[in-house]
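This report describes a predicted model, taking the folds of the chains and the contacts between them in turn.

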Amino acid sequence: MRLSLPARLGVRTVALAYLAVLVALPVGMVLQRALAPGLATFWASVTTPAAIAAFNLTLTLLAIVVPLNVILGTVTALVLVRGGSFRGKALLQAFLDLPFAVSPVVIGVALIALWGAGGWFGGLADAGVRVIFATPGMALATAFVTLPFVVREVEPVLREVGDEQEQAAATLGATGWQTFWRITLPSIRWGLTYGTLLTVARGLGEYGAVLLVSSNLPGVSQTLTLLVHARYHDVANTYGAYTAATVLMGLSLATLVATALLNRTRRHP
Amino acid sequence: MLALGVVLLWVGVVVALPLAALAALSVADGPLGFVRAVTAPGSLAALGTTLLLSVAVALVNAVLGTVIAWVLVRDSFPGKRFADALIDIPFALPTIVASIVLLALYGPESPAGIHLNNTRAGVLVALAFVTLPFVVRSVQPVLAELELDAEEAAASLGASNWTTLRLIVWPAIRPAVISGTGLAFARAIGEFGSVALIGGNLPGVTQVTSQYIAQRIEVGDPTGAAAVSVTLLVIAFSVLATLRLLARGQRRAVA
Amino acid sequence: MITVTGATKRFGDFLALDDVSLEIPAGSLTALLGPSGSGKSTLLRAMAGLENLDGGSVVIDGVDVTHVPPRRRGIGFVFQHYAAFKHMTVRDNVAFGLTIRKRPRAAIRARVDELLELVGLAGLAERYPDELSGGQRQRMALARALAVEPSVLLLDEPFGALDATVRAELRAWLRRLHDEVHVTTVLVTHDQAEALEVADRVAVIHQGRVQQVDEPLAVYDRPANAFVMGFMGSVARVGDSLVRPHRIALRRPGGAAGVTTPPHGDGVVTVPATVERVARLGSETLVELVDEAGQRFVARLPRDEAEALGLARGDSVEASAPRDPATADFIDYSI
């Protein structure tokens, strides 16, 4: 279809105007507001004790969830691709896709239903092990939303590489471990890295689920996302909300850039 | 195998068990309690708002998303790569940041004097933001794969642009548009973080179901929250299942 | 030496190996020859331990390895699609078996250099497999398998993925390598010309069963059944006898013969036939014939012979061939 020049310009304008109004301008606005008073002010705003505590909590949650996902995600991919067929395989696949379809608030309610005071594992709370309104609950929420990423990135790579190299390693005398470390792992390294980056991005951005299972106390149980909300909503520290949001934006966009670079290297190794 | 056991344990504890507990909690007051919770005026109002706005946003993004995909694939202009990168931002940003970002331009401190906070329009804008990538990224690859010869053949046979669009291009991209729109809808009905600040959470006006559920937890009605949650899940799953069936049906039709 | 006894293997309902017993003499180069789906690859992989047998046993050099995993059988395996370790250099690929056995670095380096020299890849040690041609990759795979000094070398259609010229070169090269290195070698192939050219012994496999085991030429000249006969070379039915096309002699009835005198007397079958088509293939000529009963067969004549006869479509000839009682009465099931 060849559009006439006016038609083409018209369509282009509509598309770009929509993108500008919806994405570019608002993002630009936040950056401008956050950085306008100067870098010193910005820095002070993002290094308050509450902000630093929030940053640390976010990192702690990532430090728990990312290694778990890397290890268990890889094992899951191996089981799905190399494990042959087994009963419940389709069900497992379905559960792996679920986190994409569930609202974050629903995740929070589900966690409360399981680990909360009246829940199935509520007995733990009585025994003094606090899950809800404590870090373990927030870690579980983060684990829920980041579950699929490593598995779904490693799985197709494993499938494509095939297991002939692993068979060859076996005939050459390698044990299962040696084969895994020297042959399997290197062959999936791009998929694994990509999945890890996606896990990090999703993990640090989680809000709804974490909000419900957190006691939301500044300096204690607020992640960076909860801090942004609290600053705007609870204490009307709009500037503080902008600066914290900018930090989060920076981290997310850094991850985005890393994945883009990774994609380019994958295509031209 | 040990590995399988570990995997099942992990997926079970993190995903399956919480959802099972949710389902159980939702009927803790019996099936009647479930129905009562879901049909409470607040719940119905929130569901109505949610569905109305989600359908609206899905349709808006279906059209504009397709237009954007078209421009990104078929057009060329300086800065196209930048525009393409913009599409990924809603995917990458934390939802609460999206809320702040939109508030900066459309909230009480809007430099352009546009105040969409506490309005349905504001919620719409937030939902449009987070669901933008779904249709675009779904249609883009299909459009890119589309060979131009079919369209050129149609033109040589005398078809106008509109006819070509209707009879050649649209049937080819329709599955991608439908699937992208469905995913956008499923995401929109569960959206929380991005509407949290701009919407204002006004019951009956801008309160969406996710906010209603959060409120139920706050007032100490976890059973009610669970019931409405299950309802939301069922809607989302139905949409996604329908999509999958549609996709399979269309594949068979083509084959 | 490898001894397989009563090997049985099923994939679902499909019986890949049906009570197979076979002995591979030490130091020999034995070909497992058969069509796709015959079970030859399964048998090879069972020797390697890459497939587990449902029944039967595998003994390598006196040790029962039936339940021993591949890494402890002392075998070397070469795959049809090379199975190169893509993320490692050629050197690291070849060194792999030694590296994981924790041999000293200097010793590994020396052995790798030696092997690369042996397989003709001397200057390519620092390249990556995707920078090599298919033939080079396969030679690397061979060097890699030989590095750990296996007692047995198993090759699964090693030249199947290569084009014809490279295949021919590597075939000859493999034979020379074997003459130098003398490792007990088993080669799976579906190409009977390859088996005839390279192997000391051929085991013909069909439908999961060993049809015949002997020296290559013996399998060709004295096939055990119709399948082996048809697989080892083309066949023609003259009258009621199954013969090799190049052993058919033609002459004009009552008239002059070709360059050679056709066989006659007992032990010879002769039928009158009509020429349907003459195809000149350069050094050979194919003559498609049909006899009075409507049965079609093809004779292969050397070029000079065909030219001396001056055959054309429609000509009447007498076709005769020696009748080997051992093979002539096979029922030919081939299409």
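## Chain A and its partners

Among contacts in chain A between residues at least 6 apart in sequence, 75% join residues at least 24 apart; two residues are in contact if their C-beta atoms, placed from the backbone, lie within 7 Å. The model is predicted: local features need pLDDT of at least 70, side-chain atom pairs count only at pLDDT 80 or more, and totals for chains, interfaces and linings use all residues. Residues are numbered from 1 along each chain as its sequence is written, while chains are lettered from A and ligands numbered from 1 in the order in which they are written.

Chain A has 13 helices and zero strands. Helices (H or I, at least four residues) and strands (E, at least two) are DSSP runs, numbered from the N terminus. The C-alpha atoms of chain A fill a box of roughly 70 × 65 × 35 Å along the principal axes. Of the 269 residues in chain A, 49% are buried. A residue is buried if 20 or more other C-beta atoms lie within 10 Å of its own, exposed if 12 or fewer, and partly exposed in between, with C-beta atoms placed from the backbone.

Two pairs of chains are in contact, and chains A and B share the most contacts. That contact takes 69 residues from chain A and 66 residues from chain B. On the chain A side, helix H1 (residues 5-35) gives the most, with 17 residues. Chain C puts 18 residues in contact with 14 residues of chain A. Strand E6 (75-78) and helix H2 (90-100) of chain C are the elements that give two or more residues to the side of chain C that touches chain A. Chains B and C do not touch, and their nearest C-alpha atoms are 18 Å apart.

The table gives residue classes for the two sides described.

Helix H8 (residues 164-171) of chain A is largely enclosed by the rest of the structure, because six of its eight residues are buried. Those buried residues are Gln165(A), Gln167(A), Ala168(A), Ala169(A), Ala170(A) and Thr171(A). They pack against helix H9 (176-187) of chain A, together with helix H1 (40-48) and E6 of chain C. Just after H8(A), Gly173(A) has a positive phi of about 105 degrees.

Chain C contains an open sheet of six strands in the order E6-E7-E8-E3-E9-E10, with mixed pairing. Two strands pair if DSSP finds at least two bridges between them. E6 and strand E10 (209-214) of chain C are at the edges, each with a single partner strand, so one side of each is left without a neighbour in the sheet. Strand E3 (residues 29-33) and strand E9 (residues 201-206) of chain C pair in the parallel sense over four bridges. In E9(C), Ala203(C) is the bridge partner of Leu32(C).
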